[in-house]
Amino acid sequence: MSDERALQTLAQGYSGHLATVSEDGFPYCIPLLYVWMDDKVYLHTTRARGHLRSNIERDGRVCFEIDERDGVFDYGRFECDSGLAYRSVCMFGRARIVDDRETKQRFCEALMEKYGKPETRRPKGFFPRIDAITVYAIAVERMTGKEQPLPPLSEQWPAKDRTKTPVADPDAQSEAAGPGPRRRD
């Protein structure tokens, strides 16, 4: 996936998984909503000091991953000849806690723009609990992206047979397995 396509996928993705390194060396991974803003990933949690915040304060190295599936498709005659159309982006960087109230405000506004209901009649841009959250910013150091697009119907089975084991015979397999379980009365 090109860098441009990876950034587009990152900007449009729904949610992601943030992985940090625990004090004992084990990874810690949680799903979070996020916003791509100012060439960084922004996300938030409660202000309470938990596992995530402790990990980031001790070691800011993180991995953030998003993925989106587009559907399953058949490419051959057997169930195992199935593929998944998807996009995924995995980025590595360093997370920091955002203390700047203006940036936190912009993050909250962007978060509501992305996930909120546009037709709401509630006051826009008013976040009375902004001090009750911790906002994190992740600066991207490297990023990879991968995708498998959904092939057109003309490239899917049965229009095109791409069976990986073309000489396999399901009848021969069931004969080789012998008779099924016997019923005891």
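Ile 133 counts as buried, at 15% relative accessibility, where buried denotes under 20% relative accessible area, exposed over 50%, and partly exposed the range in between (1.4 Å probe, protein chains only). The model is a predicted one, in which local features need pLDDT of at least 70 and side-chain atom pairs count only at pLDDT 80 or more, whereas totals for chains, interfaces and linings use all residues. Residues are numbered from 1 along each chain as its sequence is written, and side-chain values use heavy atoms, with hydrogens and water left out.

Ile 133 belongs to strand S7; helices (H or I, at least four residues) and strands (E, at least two) are DSSP runs numbered from the N terminus. With neighbours within four places in sequence set aside, Ile 133 is in contact (heavy atoms within 4.5 Å) with His 44, Thr 45, Thr 46, Arg 47, Lys 104 and Cys 108. Asp 81, by comparison, is 52 residues from Ile 133 in sequence and 47 Å from it in space, C-alpha to C-alpha. Thr 134, also in strand S7, counts as buried at 0% relative accessibility. The side chain of Thr 134 is joined to that of Arg 53 by a polar contact of 3.0 Å, the term denoting a pair of N or O atoms within 3.5 Å of which, within protein, one must be able to donate a hydrogen and the other to accept it, residues adjacent in sequence counting only if both atoms are side-chain atoms. Beyond four places in sequence, Thr 134 touches Leu 43, His 44, Thr 45, Thr 46, Arg 47, Arg 53 and Ile 97.

The largest nonpolar core has 19 residues, and those with the most contacts inside it are Leu 18, Tyr 34, Val 41, Leu 43, Ile 56, Phe 64 and Ile 138; such a core is a set of buried Ala, Val, Leu, Ile, Met, Phe, Trp, Tyr and Cys residues joined through side-chain atoms within 4.5 Å. Two or more residues are given to this core by each of helix H1 (3–12), strand S2 (27–33), strand S4 (40–46), helix H2 (51–58), strand S5 (61–74), strand S6 (82–98) and strand S7 (133–148), and the largest share, four residues, comes from S6. Another core, of twelve residues, lies apart from it and includes Met 37, Val 98, Ile 130 and Val 135.

Strand S1 (residues 15–21) pairs with S5 in the antiparallel sense over three bridges, two strands being taken to pair if DSSP finds at least two bridges between them. Within S5, Phe 64 is the bridge partner of Leu 18. S5 also pairs with S6, in the antiparallel sense, over 13 bridges, and Arg 61 stands opposite Arg 94 in S6. Thr 20, in strand S1, is buried with a relative accessible area of 3%, and a polar contact of 2.8 Å joins its side chain to that of Asn 55.

Helix H3 (residues 101–115) has 15 residues that should span 21 Å at 1.5 Å a residue, in agreement with the 21 Å between its end C-alpha atoms; the expected span is 1.5 Å times one less than the number of residues. Thr 103, Lys 104, Phe 107, Cys 108 and Leu 111 are buried in H3. Seen down the axis of H3, the buried residues fall within an arc of 140 degrees, so they line one face of the helix, the arc being that of the directions from the helix axis to the C-beta atoms. The face turned away from this buried side carries the exposed residues Glu 102 and Glu 113, whereas the cover over the buried residues of H3 includes S2, strand S3 (35–37), S4, S6 and S7.
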